[in-house]
Amino acid sequence: MDKPRPPFDDGMPNLGEAHFVVPSDDHLDRRKRITHAPRFLILYGSLRERSFSRFLAYEAARLLERMGGKVRIYDAHGLPLPDDTTVDHPKVQELRDLSIWSEGHVWVSPERHGTMTGVMKSQIDWLPLSEGSVRPTQGRTLAVMQVSGGSQSFNAVNALRILGRWMRMITIPNQSSVPMAYKEFDEAGRMKPGPLYDRVVDVCEELMKFTLLTRERADYLVDRYSERKERESEVFKAVAADIGIVKR
């Protein structure tokens with residue numbers, strides 16, 4: 001059992017008080033009212049002609065549109081491998097522009113060799129954490145889904161969750177894993193009714209709710225002490241260079 005201790009009164013010499021802000025629910029009041037439909041970008045991890053991850057992505061798109069969202073689905077055909085070309089490649093720019101436009105993402109991947117596919121990972125690898133002052137993924141909501149050829153597994157969605165955290169996204173608690181996907185979609189690519197479809201509805205509903213809850217507060221939720229310090233340093237350097245001050 002821990003020993004009782006008195007309140008700390010020895011100060012915080014390492015804390016930059018100018019950048020320290022006590023979190024408060026006062027800051028969660030809606031400072032701005034967003035009136036446009038929630039915007040979602042959907043990525044899927046297969047280039048096959050009959051792609052079950054694409055079919056699942058389309059089902060998510062239909063549901064989000066039915067719930068009042070605006071959806072864009074990225075087609076990864078023609079996207080080069082990461083670092084195989086420059087960022088001004090049209091497919092790379094299209095992906096980054098769509099992410100900046102979005103307020104939430106859905107990532108759908110097949111499970112291959114126990115994890116997400118290379119197609120899925122390549123898309124995410126082309127999204128930078130920051131591009132100048134723009135952060136294409138930070139503060140956006142994220143739902144993760146997977147399809148499997150065999151029995152139910154959660155390897156791909158678990159890997160996608162790690163990536164979502166790394167990309168500083170608000171990953172919702174619910175998720176969808178569709179086993180033996182070839183049995184769950186008809187010839188037209190529509191998902192059959194049943195508990196697995198109901199789970200997809202649950203995921204999309206939760207994603208919509210989290211997006212509506214956070215999109216007007218995302219800037220505050222992801223505002224960080226360390227980044228406030230870093231921004232001030234960059235501003236000082238820029239002003240110093242502008243007025244001719246050279247640090248020695």
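The protein has seven helices and six strands, taken as DSSP runs (H or I of at least four residues for helices, E of at least two for strands) and numbered from the N terminus. This is a predicted model, with local features needing pLDDT of at least 70 and side-chain atom pairs counting only at pLDDT 80 or more, while totals for chains, interfaces and linings use all residues. Residues are numbered from 1 along each chain as its sequence is written, and side-chain values use heavy atoms, with hydrogens and water left out.

Going along the sequence, the order is β-α-β-α-β-α-β-α-β-β-α-α-α. The C-alpha trace spans about 65 × 55 × 40 Å along its principal axes. Of the 248 residues, 42% are buried (under 20% relative accessible area, 1.4 Å probe, protein chains only). As for contacts (heavy atoms within 4.5 Å), 78% of those with a separation of 6 or more link residues 24 or more positions apart.

On the H1 side, Leu 56, Glu 59, Ala 60, Leu 63 and Leu 64 take part, meeting Tyr 197, Val 200, Val 201, Cys 204, Leu 207 and Met 208 of H5. Sorted by class, this H1–H5 contact has ten nonpolar, no polar and one charged residues, with Ala, Val, Leu, Ile, Met, Phe, Trp, Tyr, Cys and Pro counted as nonpolar, Asp, Glu, Lys and Arg as charged, and the others as polar.

Note on methods:
Buried < 20%, exposed > 50% of the residue type's maximum accessible area, 1.4 Å probe, protein only.
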